[in-house]
Amino acid sequence: MVDDTPVATIIRPQIHIQNAVKSFSGRVVVDVDELTLGDHAIEGLIGPNGAGKTTLMRMIMHSTPLDRGTITMSNANGGGDVVISDLPTHWMAPHGLVKSNQVIMDFDKLTILDSMLLAIAQAKYEQPHRLFVETQVYDAAVERVHEYMEYFELGDPYRFAGSAGEKKLLDIIRCLLLEPRFLLLDEPTAGLPDDVTEKVMAIIRDLAVAGTSVVIVEHDLNVIWNLSDDVHFMAEGSVVMHGSPAEIRENKTVIEKYLGEGHV
């Protein structure tokens, strides 16, 4: 018997970048005429050091302001179009847009548990006179927090993060706790052991299947080739080509000018 039950169509959010330019000290580091991110569930953004990848992601988050141009997010949290380049950084998460940190960010005085809870606490709970409602934040998130603790085998939630890799992992978990609709990952596997990298990749795949759009900047090209549905190649501030992982890794210009035979 054939199941005639209609399959729900997943409408993924997209980010549309138009005429986006950023310069530092007179040097143009990003110059993107037109680019759409989110056509595919998981997209890679690769290129040599200094290509402008991290700067472009920071421009999307508006932590680095544009010199000119427009960045729009469509289907933001299931809604319409939002010109995110007009918004301050703290408004990105409420619209479902979340980014991990390239440089390790950790709160040295917070336990692993408190560090996670801080990521999801709404601004109204972050005032001294509202400390008595801290249990509400904990109760709302405790199940998901413990799921990630167990999945990544982090052990005692009341201890402090130790290694650089563990702090990197905490940053990723904080992003996941925000339940992003569009997730930007900047070198998420840097410093992680192989077994943890595999677990991170599995979660990213699950998010993508559930409808989250994911864009990954990563120097470990094995992660890009194995995880991405589509890859954008960036050089000298511009996205010069995109295609499937096989198309990019077999492109002679990419190999000869940027990657070298040993990186494909």
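Where is the place of Glu-179? I began my notebook with this question, working on a model that is predicted. I found Glu-179 in the loop between α4 (164–177) and β7 (182–186), and I noted that its phi is positive, about 50°, although Glu-179 is not a glycine. I also wrote down that Glu-179 is exposed, with a relative accessible area of 53%.

I then turned to His-62, which has a positive phi near 65° and is likewise a residue other than glycine. I located His-62 in the loop between α1 (53–61) and β4 (68–74), and I recorded it as partly exposed, with a relative accessible area of 22%.

Next I looked at helix α4, where I found Ile-172, a residue that counts as buried at 4% relative accessibility. I noted that 17 residues along the chain separate Ile-172 from Thr-189, and that their C-alpha atoms are 9.5 Å apart.

How many salt bridges does the structure hold? I counted six, and I followed three of them, beginning with the one in which the side chains of Asp-186 and Lys-99 meet at 3.8 Å, N to O. This pair links distant parts of the chain, since Asp-186 belongs to strand β7 and Lys-99 to strand β6 (residues 97–99), 87 residues apart. I marked both Asp-186 and Lys-99 as buried.

The salt bridge between the side chains of Glu-153 and Lys-199 came next, at 3.3 Å, N to O. Glu-153 is exposed at a relative accessible area of 66%, whereas Lys-199 counts as partly exposed at 22%.

In another salt bridge I found the side chains of Glu-166 and Arg-159 meeting at 2.6 Å, N to O. Why does Glu-166 count as buried? I reasoned that its relative accessibility is 15%, and buried means under 20%. Arg-159, at 26%, counts as partly exposed.

I went on to the surface, where Asp-194, Asp-195, Glu-198 and Asp-220 gather in a patch of negative charge.

My last entry concerns Gln-14, which lies in strand β1 (residues 14–24) and counts as buried at 18% relative accessibility. I noted that a polar contact of 2.5 Å joins its side chain to that of Asp-39.

Methods: Residues are numbered from 1 along each chain as its sequence is written. This is a predicted model: local features need pLDDT of at least 70, side-chain atom pairs count only at pLDDT 80 or more; totals for chains, interfaces and linings use all residues. Side-chain values use heavy atoms; hydrogens and water are left out. Patches are made of residues with over 30% relative accessible area and no salt bridge: like charges are joined within 9 Å, nonpolar side chains (Val, Leu, Ile, Met, Phe, Trp, Tyr) within 5 Å. Accessible areas come from the Shrake-Rupley method with a 1.4 Å probe; for residues, only the protein chains shown count as cover. A salt bridge is a side-chain nitrogen of Lys or Arg within 4 Å of a carboxyl oxygen of Asp or Glu. Lys and Arg count as positive and Asp and Glu as negative; His and the chain ends are not counted. The place of a charge is taken as NZ of Lys, CZ of Arg, CG of Asp or CD of Glu. Helices (H or I, at least four residues) and strands (E, at least two) are DSSP runs, numbered from the N terminus. Buried means under 20% relative accessible area, exposed over 50%, partly exposed in between (1.4 Å probe, protein chains only). A polar contact is a pair of N or O atoms within 3.5 Å; within protein, one must be able to donate a hydrogen and the other to accept it, and residues adjacent in sequence count only if both atoms are side-chain atoms.
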